[in-house]
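Dear colleague,

Please find below the structure that I am handing over to you. My notes on what was found in it follow directly after.

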Amino acid sequence: MFAVRGSENPDKNTHRRKPNSKMVWTRRTVLLLLLALTVLSPLALYTSRLSAALNPIQTRDFPGEITNQGRGVKADKLNALPLETVSSLKEPVGLVFSEELGGLAKESTGSEGQELPSRKAGEHKSRVLSEVTAAADGTEVIEQVTRQEAQDGGLASAVSDEQEKTTGSQQQSSSEETVPKQTSAKVVMDNSQAARTDGKAKSSVLPDTRIRNIKDQLIKAKVYLGLGSIRANSQYLKDLRQRIREVQKVLGDASKDTDLPKNANEKVKALEQMLIKGKQMQDDCSIVVKKLRAMLHSAEEQLHAHKKQTVFLTQLAAKTLPKGLHCLPLRLANEYFSLDPGQQQFPNQHKLSNPKLYHYALFSDNILATAVVVNSTVLNAKYPSDHVFHIITDRLNYAPMRMWFLSNPPGKATIEVQHIGEFTWLNDSYSPVLKQLGSQSMIDYYFGTNHANPDSNLKYRNPKYLSILNHLRFYLPEIYPKLDKIVFLDDDIVVKKDLTGLWSINMKGKVNGAVETCGEGFHRFDRYLNFSNPVIAKNFDPHACGWAFGMNVFDLAEWKKQNITQIYHSWQKLNQDRSLWKLGTLPPGLITFWNKTFPLSRSWHVLGLGYNPHVNSRDIERAASIHYNGNMKPWLEIGLPKFRSYWSKYLNYDQHFLRECNINP
């Protein structure tokens, strides 16, 4: 049957089975395209993903990609934030981590609160990129990029803030925990450094910068007032003077910029406008320079005059007796003379001549100052009962001085108070200096109104040099003939430590133990003696080291053996006309004890608290005694406030005599 069909129409069947060549080509093309699509599409997708991983920052839409990958934040809302453009973004430099805050800086915590491993700062960028490409999925890539953006400008913080606003599900909340909410250690460090730098810049600005600028403007304006071309313009001259008065009124007594009133800027600007006009009117610089030089010369002369006046007023204040110190001896004297004769005596008078005890000599007419010296010495002594104080004053202050120590006994220490009149052997026939002090030439020098050659150094004109109390230190063996060693203390001394160690110092045959003052800002012999005189130049070295009176140890046995008092007298006779040195006790002391002075450690005696505000506080704390030498005594109003407490702590201001005389710390 089948054979018959095939045989009946063989041509027709053959034609149907034969494929069309066009159809065959079309099918082959489709198959090839499908095969190419199947092979190439994975390659294309992988290449795109790899490119995105290697160049995350250059992708324009990556903020949206970040939010769309499981974050639950709409891209359009995030894109509404002010984002950096591609051109403003910088390529990472590899400093993803930092150690500059002292140790390995830690990364932001992950979603489970665990710290990510830290890496050393400065690793090469290729290492970071190699780790990014090795990530299993895109999440680690995003976290790396997000952390890097947080370092570069806080983009991650902006993403985090936006996520907090759009939180709507538990999935969003859990995913937000993975977003870093703190900047890296490097950013914190940079901010702190910037803050410190800004703080230094602010602190370096002087608090009176504006005031200085205003004063400069005023000087410039005053220069213009003296220029001829400007003085010819009467209206401008009038306006300029008005502006100067306004600025001076605004400036007032202000010492800091904060003291200036609110309208200061307005007045200063008005003055600046006037100066601009004046500059246009006067363009000859040589005239301005001449005017400035004249003003500078005048200012220097005024400064010199003010300095002289300051020295004079300081000397005057140092010589003036404060009202309270005038009141105190009057009150004490009145009280003393109301006592019975038996009540006017001091106890333990048998100790006064005991050479085994520690003896001190004080010569002063200042009751309050003497009280501080005694109190400070006793309070810092290990064995106060072994200390004996020999006080000598003048007749006027004898009764008040005794009354003070009778009503304020210094513990177990022994006190003796004498006056100069008791030493009948001390007269002008025995002492050349006493004869000189009573001479007419000396009186004229101090009290004469007209001086042909006034002394330029007013400190040598202090009337204290007229008092024999100032010169008694050269007669210690005569005053205390039974003592072998004594410590001399000035009345402007404060003792801070036990002084008994001074008696055990081996002075190696020297008479005077003193602290040398030739170091630092102190002086040598040429500062005190007149080396233009051949007698001085022949006998002394101008560069020899000086020493200080105020706290001295005197070996009275050696004094007598070497006849020191006679040496002192011979030099005083040679200086009758004051050609060898000016008046005072230190110059004759330097001469008298030349090559007879033993240098003590500086810790025994620190000087300068009466004139030098820059005395080292560490030296003061270590010192056994401190000396207020100079005009600024602690009991005067001109005393240096920073040092006054060392002195005032040894006075009881609740004592009724001090309260009656209104003496306060």
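Contact here means heavy atoms within 4.5 Å. Please bear in mind throughout that this is a predicted model.

By that criterion, and leaving aside neighbours within four places in sequence, His 569 is in contact with Tyr 430, Ser 431, Pro 432 and Tyr 475. His 569 belongs to helix α25, which covers residues 564-574. With a relative accessible area of 3%, His 569 is buried.

Disulfides

A disulfide is a covalent bond between the sulfur atoms of two cysteines. The count in this model comes to 2 disulfides.

One of them joins Cys 327 and Cys 661, whose sulfur atoms are 2.1 Å apart. The torsion about this S-S bond is about -75°, so the disulfide is left-handed. Cys 327 is part of helix α16 (residues 323-336) and Cys 661 of the segment after α29 (656-660), so the bond ties together parts that are 334 residues apart in sequence. Both Cys 327 and Cys 661 are buried.

Cys 518 and Cys 545 also form a disulfide, with 2.0 Å between their sulfur atoms. This link is left-handed as well, with -90° about the S-S bond. Cys 518 lies in the loop between β6 (512-515) and α22 (525-528), while Cys 545 lies in the loop between α23 and β7, so this pair connects parts 27 residues apart in sequence. Cys 518 and Cys 545 are both buried. When the bonded cysteines are numbered in sequence order, the pairing reads 1-4, 2-3.

Aromatic rings

A search of the whole structure returned 24 aromatic pairs. Among them are Phe 474 and Phe 593, with ring centres 6.5 Å apart and planes at 20°, so this pair is stacked. Phe 474 sits in the loop between α20 (440-447) and α21 (476-479), and Phe 593 in the loop between α26 (586-592) and β8 (597-600), so the pair ties together parts 119 residues apart in sequence. Phe 474 is buried at 1% relative accessible area, and Phe 593 is buried at 2%.

The rings of Phe 540 and Trp 594 have centres 5.4 Å apart and planes at 85°, so they are edge-to-face. Phe 540 is in the loop between α23 (534-539) and β7 (551-555) and Trp 594 in the loop between α26 and β8, 54 residues apart. Phe 540 is buried, with a relative accessible area of 7%, whereas Trp 594 is partly exposed at 24%.

Finally, the charged end of Arg 473 sits over the ring of Phe 549, 4.8 Å from its centre.

With kind regards

Definitions and conventions: Residues numbered from 1 in each chain as written. Predicted model: local features only at pLDDT ≥ 70, side-chain atom pairs only at ≥ 80, totals over all residues. Heavy atoms only, no water. Phe/Tyr/Trp six-rings, centres within 6.5 Å; stacked < 30°, edge-to-face > 60°. Helix = DSSP H or I, 4+ residues; strand = E, 2+ residues; numbered from the N terminus. Buried < 20%, exposed > 50% of the residue type's maximum accessible area, 1.4 Å probe, protein only. Lys NZ or Arg CZ within 6 Å of the ring centre and 35° of its normal. Disulfide = S-S within 2.5 Å.
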